[in-house]
Amino acid sequence: MGVPFEALLPYGIIVGMFGVTGVGLYASKRFLNEGKKNRWNNDIWDRQSKFEFDRGDMETTGSGNWLKLIFIRTVMERDLRITGTWRGQSSNPVAPKGFEVSSPWKLEKRIY
Amino acid sequence: MAQRDPMFNQQVLVDTTPMPDHIPKVEEVGATSAPLFSAAYFIGDRCKAFNDDYMKCKEDANGRGEIECLKEGRKVTRCAASVIKDINTHCLSQFKAHWDCLENNNHYLFECRKPEQELNSCVFEKLGLKKTIPGAPEHEVPVHQRPKQKYAQYPGRQF
């Protein structure tokens, strides 16, 4: 007495869904990293910083551009300033024009 | 490894005022992280004297090194840029293969020993710069010349 194929259909669906998850994660990570493998376990020196808008400051100064993002000065942020993308790489010996003045200074709020 | 950034700044300031004219200009190094990492040992080989000079100056300047060591710093920048330029001129394909591999493998040197061997031999032939790991034990084969890499994804011989 064999097992009817209907009994195995759920297992097919389970395995298929694992496949969907895996392929989907692979594709979305590659997409987010411009076709390269994801970088992981970076230390602070390498890591691209999480950034957020400082909305209050935008309203007071009125200039809402990317310079107002909060950056931590890291190597991947330097890559962004040279190539324009997070994962872009360039081996030019000379930096593009304007790079020498685009480096961010950290500011802290004054403690009175 | 610290997972939390010690971050005390609330915002950043990008000051686009250029340096004053009485300070000599220097062109910044334009190589990004992976090419710089790939060329790091060659930069160290050619520019050791300049780098040591700069660090000595910073140490002697008692915290005023950013201002007083500008001259030494310019030498460091120019020397590093010259190494990158020379490698680009003479070993472009090997260089690109190596830093592409690094960028695709989380900047792990042990995943890219084969392109690294080719780059090392090309740079040694054309430029005479040799990769040596400072402080490595002298009676052992250095790690970048061992064909098997312990933690690499591919467990067999890499080259």
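Biologist: What makes strand E1 of chain A and E1(B) a pair?

Modeller: Two strands pair if there are at least two bridges between them. In this predicted model, four bridges join E1(A), residues 104–107, to E1(B).

Biologist: Which residue is the bridge partner of Lys106(A) in E1(B)?

Modeller: Val12(B) is the partner of Lys106(A).

Biologist: How many residues of each chain are in contact with the other chain?

Modeller: On chain B, 34 residues are in contact with 36 residues of chain A. A contact requires C-beta atoms within 7 Å. Strand E1 (11–14), H1, helix H5 (70–90) and helix H6 (92–104) of chain B each give two or more residues to the side that touches chain A. That side of chain B divides into 16 nonpolar, twelve polar and six charged residues.

Biologist: Which residues of helix H3 of chain A are buried?

Modeller: H3(A) covers residues 75–83, and its buried residues are Val75(A), Asp79(A) and Ile82(A). To be called buried, a residue needs 20 or more other C-beta atoms within 10 Å of its own.

Biologist: Why are the buried residues of H3(A) said to line one face of the helix?

Modeller: Look down the axis of H3(A). The buried residues fall within an arc of 65°, so they line one face. They pack against helix H1 (33–38) of chain B. Just after H3(A) comes Gly84(A), with a positive phi of about 95°.

Biologist: Why is Ser82(B) called partly exposed?

Modeller: Count its neighbours. Ser82(B) has 15 C-beta neighbours inside 10 Å. Buried takes 20 or more, and exposed takes 12 or fewer. The count for Ser82(B) lies in between, so the residue is partly exposed. Ser82(B) is found in helix H5 of chain B.

Biologist: Which residues touch the most other members of the largest nonpolar core?

Modeller: This core has 26 residues, and Ala39(B), Ala80(B), Val83(B), Ile84(B) and Ile87(B) touch the most other members. H5(B) gives the largest share, six residues. Leaving out residues up to four places away in sequence, Ala39(B) touches Val83(B), Ile84(B) and Ile87(B).

Biologist: What does UniProt list for residues 7–27 of chain A?

Modeller: An unreviewed UniProt entry lists them as "transmembrane region". Such annotations may be inferred rather than shown by experiment. In the model, the span is 90% helix and 0% strand. Its end C-alpha atoms lie 32 Å apart.

Terms used. Residues are numbered from 1 along each chain as its sequence is written. Chains are lettered from A and ligands numbered from 1 in the order in which they are written. This is a predicted model: local features need pLDDT of at least 70, side-chain atom pairs count only at pLDDT 80 or more; totals for chains, interfaces and linings use all residues. The arc is that of the directions from the helix axis to the C-beta atoms. Two residues are in contact if their C-beta atoms, placed from the backbone, lie within 7 Å. Ala, Val, Leu, Ile, Met, Phe, Trp, Tyr, Cys and Pro count as nonpolar, Asp, Glu, Lys and Arg as charged, and the others, Gly among them, as polar. A nonpolar core is a set of buried Ala, Val, Leu, Ile, Met, Phe, Trp, Tyr and Cys residues joined through C-beta atoms within 7 Å.
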